[in-house]
Amino acid sequence: MKEDGRAGRGVGAGAALPQPSAGVHDEQEDEDAIVNRISLFLSTFTLAVSAGAVLLLPFSIISNEILLSFPQNYYIQWLNGSLIHGLWNLASLFSNLCLFVLMPFAFFFLESEGFAGLKKGIRARILETLVMLILLALLILGIVWVASALIDNDAASMESLYDLWEFYLPYLYSCISLMGCLLLLLCTPVGLSRMFTVMGQLLVKPTILEDLDEQIYIITLEEEALQRRLNGLSSSVEYNITELEQELDNVKTLKTKLERRKKASAWERNLVYPAVMVLLLTETSISVLLVACNILCLLVDETAMPKGTRGPGIGNASLSAFGFVGAALEIILIFYLMVSSVVGFYSLRFFGNFIPKKDDTTMTKIIGNCVSILVLSSALPVMSRTLGLHKLHLSDTSRDSEAAKPSANGHQKAL
């Protein structure tokens, strides 16, 4: 009986070790899937806001030309400066919401696990995320408060922080636009130079004095030789196998490109590629010329400065001396600058690891990409205004008069 009891205790001691069940793993996977789905939805919404901010500038230009062409048309009376101004306010609001609330929430929600001692689950992760957001907001406000006290130590400066919602939050979008504009100044020149290389990789180049059949035959022989060498090596030589596999992948990629060039039609090889290159060269030359002309105007004419000029309201005057054709050219250049800035952003060495890859992009990298695109899109109107591409004045007179009123603490608010 004692032996049976010791045996029973031994079995009991062995059975006391808990083993994770399949149900626990399934619940954890379902929870992670829900978190990833929510973060992906927030990232998609942020990307949609970025697209809206980019499209709003061409929409304003098109609306101005339509109102000039049909000033008395009853069916377009809804298209006015108040509508455009409201859309710009919504773009600013949602950009701030995505940048300061939704994207930090998505990141912290993705990294959260729930506080220790609480039941694990979605609610625990949401609670931890909200606490982290509140602590981050308090940290930023504390830094701003201390900085304001150190720079201007008076009662009015301290009281001005109470005007957070009315005065300081509208300037957050301007600060982000400033940082994005500095980033655009760095990325756009790089992107303009890289656009030719990128389009050369996407399009089929003309076959001048080239025998594609001979090149495909040679590359096929090289692929077969590498495959035979790879099959003849033993599995113990890992270093050589890795090198050969990498070389074989490069050869297969080159063979795919050659086969694509061979299958391309004559007009695609001999017409599309030169036309696209000429178009890129023309757009780049016009962009550089506009930059040079605007810099000369800023140096010579004081009223050309952004603070010294107030452009016409929507529907009052055309933005270009060439009318609708000039406005269409400005829209094309705006899109070209945006695409060039994105290409230049991913071409920089510091942001090279941000490039998304199919089936190999983490959720954290997706959030980082969405934030980067949002910052660049928020700076596009500032960049276009600096280059002289967009001179519409969308503010209302009543709103401007109210913005110049002094606040309760004596500071003038001129938004």
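A residue counts as buried under 20% relative accessible area, as exposed over 50%, and as partly exposed in between (1.4 Å probe, protein chains only). Leu 93, at 49% relative accessibility, therefore counts as partly exposed.

This is a predicted model, in which local features need pLDDT of at least 70 and side-chain atom pairs count only at pLDDT 80 or more, while totals for chains, interfaces and linings use all residues. Residues are numbered from 1 along each chain as its sequence is written, and side-chain values use heavy atoms, with hydrogens and water left out.

**Overall fold**

The protein chain has 12 helices and 0 strands. Helices (H or I, at least four residues) and strands (E, at least two) are DSSP runs, numbered from the N terminus. Of its 415 residues, 34% count as buried. A contact is a pair of heavy atoms within 4.5 Å. Among contacts in the protein chain with a separation of 6 or more, 77% are between residues 24 or more positions apart. The chain exposes about 26,300 Å², and carbon and sulfur atoms supply 66% of this area; accessible areas come from the Shrake-Rupley method with a 1.4 Å probe, and for residues only the protein chains shown count as cover.

Leu 93 lies in helix 3 (residues 81-111). Together with Leu 90, Phe 94, Leu 97, Phe 100 and Val 101, Leu 93 makes a nonpolar surface patch of about 480 Å². Patches are made of residues with over 30% relative accessible area and no salt bridge; like charges are joined within 9 Å, and nonpolar side chains (Val, Leu, Ile, Met, Phe, Trp, Tyr) within 5 Å.

Phe 108 is also placed in helix 3. Apart from neighbours within four places in sequence, Phe 108 is in contact with Thr 129, Met 132, Leu 133 and Leu 136. The C-alpha atoms of Phe 108 and Leu 130 are 8.6 Å apart, at a distance of 22 residues along the chain. Thr 129 belongs to helix 4 (residues 122-151) and is buried, with a relative accessible area of 0%. With residues up to four places away in sequence not counted, Thr 129 touches Phe 105, Phe 108, Phe 109 and Ser 112.

**Salt bridges**

The whole structure contains 3 salt bridges, each defined as a side-chain nitrogen of Lys or Arg within 4 Å of a carboxyl oxygen of Asp or Glu.

| Pair | N to O distance |
|---|---|
| Arg 125 and Glu 31 | 3.2 Å |
| Asp 32 and Arg 125 | 3.1 Å |
| Lys 255 and Glu 223 | 3.2 Å |

Lys 255 in helix 8 (residues 238-263) and Glu 223 in helix 7 (residues 212-232) are 32 residues apart, and their pair links distant parts of the chain. Lys 255 is buried at 18% relative accessible area, and Glu 223 is buried at 16%. Elsewhere, salt bridges that share partners join Glu 31, Asp 32 and Arg 125 into one network.

**Helix 9**

Helix 9 (residues 266-300) has 35 residues, which should span 51 Å at 1.5 Å a residue; its end C-alpha atoms are 51 Å apart, in agreement. The expected span is 1.5 Å times one less than the number of residues. A kink of about 25 degrees lies at Val 272, shortly before Pro 274; the bend at a residue is the angle between axes fitted to the seven residues ending there and the seven starting there. The buried residues of helix 9 include Arg 269, Tyr 273, Met 277, Glu 283 and Asn 294.
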